[in-house]
Amino acid sequence: MSGAVFALVLVAVGITAAIDRFGTPLPLPDVLAAVPLAAGLALALRARSLTFSDVIGTQALAASGASGAVLVSALALVAAPMAIGLGGLAGLVLIASFLAGGAIALFGVAPALGRTGAVTIAGAVRARFGPAAGLLAALACLAALLPLLAGEAGLAGVILREMLGLDMPVARHVVIGAAALAALAGGRRSAIAMAAGLLPVLALAFVAPVAAAGHEAGGSILPWLALFDGRVFAAPTAMPPSAAVVLALLLIVGVAVLPTLATPTEARQPRRRGPFTLAVIVLLAAPAYALYGRLAGIDPAVNPAGLVLNLAAYAELGAAPALLLAGGLLAAAAATLALGLAAFGAIVAEDLYARHGERDAPAGRRAFVARLAMLAAAMAASWIGSGGAGIATLAGVGLSFAAAGLGPVLIAGWNIPAVRGPAATAAIAAGLAFTGLNGAVAAFAPGVGAVVGMGRIVPTVLGPTGWFGLPIGASGAAGAILGLAVVLAVTFARRRQGAAAVDPTPMPDPSSNPGAFHP
């Protein structure tokens, strides 16, 4: 089906190009921007299901393809050129860190979790470390998913306004509603079908416009050659090395958790390298956006998202590549939203309701609870995304909860046999507490922050600064280090306690001293 969707999008692009050249009295081009989103929704509805194993559990669909779609979400496609434009060579390091985290997720974390047979991350943690750690892992997953969903929803509104001129709440709600409908249609089955089927379209939508910009500029149509153009990294970077290190750590650890947050784990599923390779190819085209934006005089410090959203205007592209990029970004946002909503519903139904609510709930009721949770999460994400919180802050906070709450346990603790339930539970609790308290105090109680050692709280693009002078959107790096320290400290303390409880001195044999008193 992905081939049919790809062909349909190509037909829409051809029609748009013809209309742009010969003209028409009808406003068709803006409508054609919705073709990728409509095609993805059709894939989701085609995979609709009421079966519990499809809504919540794992199934033999292209989970690796869906994971690749997570790596080329709308947030990633817009943030990658921004990183290059703002950070120069440091931005390229951040893109490499993002891809390294994705590789760890797809080829390290996901197979390890899949061997437990669990259908969610929290279920895998529960199987490995016990019920307390599983409950905290479920809360960490929800805390990571909701800000990320809100960030994608907020970006969808920006895309509609900047690229299509639709500054209407109804238009943004249509995108979020399409994602919610895709998730409600069949849970994980339909969300995975949508994301995996759209992956080739998302790649085309990101690479083709910048290739057309290179052709218009008289250069190469291969956007990856921008990696070797010194003008991309010539501007002095505004990112200090310390900030680059913190963000690189956050990306590696947080992204190592993200794809497995959104897609089920299955030990028997082969983790194909094709979707990950396609994600690498797409994101390595990001420097070309920064190059053409810089040549056109776009100041990344003033309008960083404009490097992508305004490409058609400053590169003087036709309607076809402009609408292809807009439609691809909207489809990427919707696909990521659908995957996140499906995962949110599965975690609420399986790891909270069925485990800590109605333990004997039938499968049908759990699937119903999952759909209710998806709908509630979609409404919450839409409300938060339309609020005053910045998109970068929301994305950073979600990534921070993933890195601090789950990263130490899934990346380090999972592979250390000596790490047991108490160490994992303490690490997840410490990461969640640090990230949650840091964000809440810095954002809502700056006066208290000055008392508890946060110092002078200043606003940044990733939210106000908190402990260690880090923005709340980057606090996951410190939280991951704290969680790792807690894992090692508790494990070492329990091993010492266990060794002390065993007296190495052999007990005397009573029969060897007949005169001794034997009670």
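Predicted model: local features only at pLDDT ≥ 70, side-chain atom pairs only at ≥ 80, totals over all residues.

## The cavity

Rolling a probe the size of a water molecule over the atoms shows where empty space is left. The structure has 1 cavity of 30 Å³ or more. The space inside the largest cavity comes to about 80 Å³.

Its lining consists of Val9, Ala12, Val13, Thr16, Leu32, Ala33, Pro36, Ala320, Leu323 and Leu324. Two helices, α1 (2–22) and α19 (319–356), each give at least two residues to this lining, and α1 gives the most, with 4 residues. Sorted by class, the lining of the largest cavity contains 9 nonpolar residues, 1 polar residue and no charged ones.

## The second largest pocket

The volume of the second largest pocket is about 390 Å³. Around the second largest pocket are 17 lining residues, and those nearest its centre are Val397, Gly439, Ala443, Phe444 and Ile472. The elements that provide two or more lining residues here are α21 (391–412) and α22 (421–444). The largest share comes from α22, which gives 6 residues.

Of the residues that line the second largest pocket, 11 are nonpolar, 6 are polar and none is charged.

Helix α3 is made of 12 residues, and from its first C-alpha to its last it reaches 16 Å, close to the 16 Å expected at 1.5 Å a residue. Its buried residues are Val35, Pro36, Leu37, Ala39, Gly40, Leu41, Leu43 and Ala44. One of these, Pro36, is also in the lining of the largest cavity.

Ser49 is found in the loop between α3 (35–46) and α4 (52–55). Is Ser49 buried or exposed? Its relative accessible area is 11%, so Ser49 is buried, given that buried means under 20%. Leaving out residues up to four places away in sequence, Ser49 touches Asp54, Val55, Ala185, Gly186, Arg189 and Arg371.

## Ala226

The loop between α11 (188–216) and α12 (230–234) holds Ala226. Ala226 counts as buried because its relative accessibility is 6%, and the cut-off for buried is under 20%.

Which residues is Ala226 in contact with, leaving aside its neighbours within four places in sequence? They are Val232, Pro287, Ala288 and Leu291. Ala226 and Ala290 are 64 residues apart in sequence, while their C-alpha atoms are 9.0 Å apart in space.

Terms used: Residues numbered from 1 in each chain as written. Heavy atoms only, no water. 1 Å grid on protein atoms, 1.4 Å probe; cavity = no way out; pocket = protein on both sides within 12 Å on 5 of 7 lines; lining within 4 Å. Points joined across faces, edges and corners; volume = space filled by probe spheres on them. Nonpolar A, V, L, I, M, F, W, Y, C, P; charged D, E, K, R; others polar. Buried < 20%, exposed > 50% of the residue type's maximum accessible area, 1.4 Å probe, protein only. Contact = heavy atoms within 4.5 Å. Expected span 1.5 Å × (residues − 1).
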